[in-house]
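Hello,

Here is the structure I promised to pass on. Have a look at it first, and then read my notes below.

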Amino acid sequence: MQSPSTTATAAAATYTTIPISGSDVISRSIQNLSTSLSRHRPWPEFLSAAALDAPASLSAALTRLRQNAKYFTTNYAILVSICATASLIGSPVALILYAAVFGLWLVLYFYREDPMAAWGRHVDDRVVILGLVLVSFAVLWIVGKVNVLLIGVAVGVLICAVHAVVRNPQGLFLDEDDAASSGLIGPPPPPASSSRMKDFAY
């Protein structure tokens, strides 16, 4: 069985500073995207009606908003994407083109960790960003429907905000530190002294 350090080293070695082909970049970015989506919280937990109640005050509402936004980040991103997609159902061409542009941004920028090469030459990150911006503006100019898309995104954000405020985050912990700060688990016991260990050995 490999040690954690060996596993981490192997994972770090998966990516390289040497530019790789566009197909390899896309493949690895899709893998990163798939891994990120797999981290979403279970939907029954997200939609649990038993955990819904009104916050006691404005400060409590803001606290819930912050905690739930951290805990359900991927779920909220999926929900906003669904609302944006639903807003363009009546315009299939706009839906396909906007989805393609969004996919390019995800694959070539947000989830890309490797330098990219094309026709044997290294492609600078600034060139990639410039290309994505130009493609985005071209699609916006050709398709339009920006107001409809923004309305869909705004509806999705509003739904997420309402859920984050009325969803009681009690019992939701991002990691052991959050659980310890809430008193769910105690600090680890102090290590045994060397004298006691010697007595135990004898």
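Phe137, Leu140, Val146 and Leu150 make up a nonpolar patch on the surface, with about 360 Å² of accessible area together (Shrake-Rupley method, 1.4 Å probe, with only the protein chains shown counting as cover for residues). Such a patch takes residues with over 30% relative accessible area and no salt bridge, joining nonpolar side chains (Val, Leu, Ile, Met, Phe, Trp, Tyr) within 5 Å; a salt bridge is a side-chain nitrogen of Lys or Arg within 4 Å of a carboxyl oxygen of Asp or Glu.

This is a predicted model, where local features need pLDDT of at least 70 and side-chain atom pairs 80 or more, while totals for chains, interfaces and linings use all residues. Residues are numbered from 1 along each chain as its sequence is written, and side-chain values use heavy atoms, without hydrogens and water.

Helices H7 (125–143) and H8 (146–166) each give the patch at least two residues; helices are DSSP runs (H or I, at least four residues), numbered from the N terminus. Leucine 150 lies in H8 and is exposed, at 52% relative accessible area (exposed is over 50%, buried under 20%, partly exposed in between, with a 1.4 Å probe and protein chains only).

In the loop between H7 and H8 sits lysine 145, partly exposed at 41%. The phi of lysine 145 is near 60°, a positive value in a residue other than glycine. Most residues other than glycine have a negative phi.

Enjoy exploring!

Definitions and conventions. Patches are made of residues with over 30% relative accessible area and no salt bridge: like charges are joined within 9 Å, nonpolar side chains (Val, Leu, Ile, Met, Phe, Trp, Tyr) within 5 Å.
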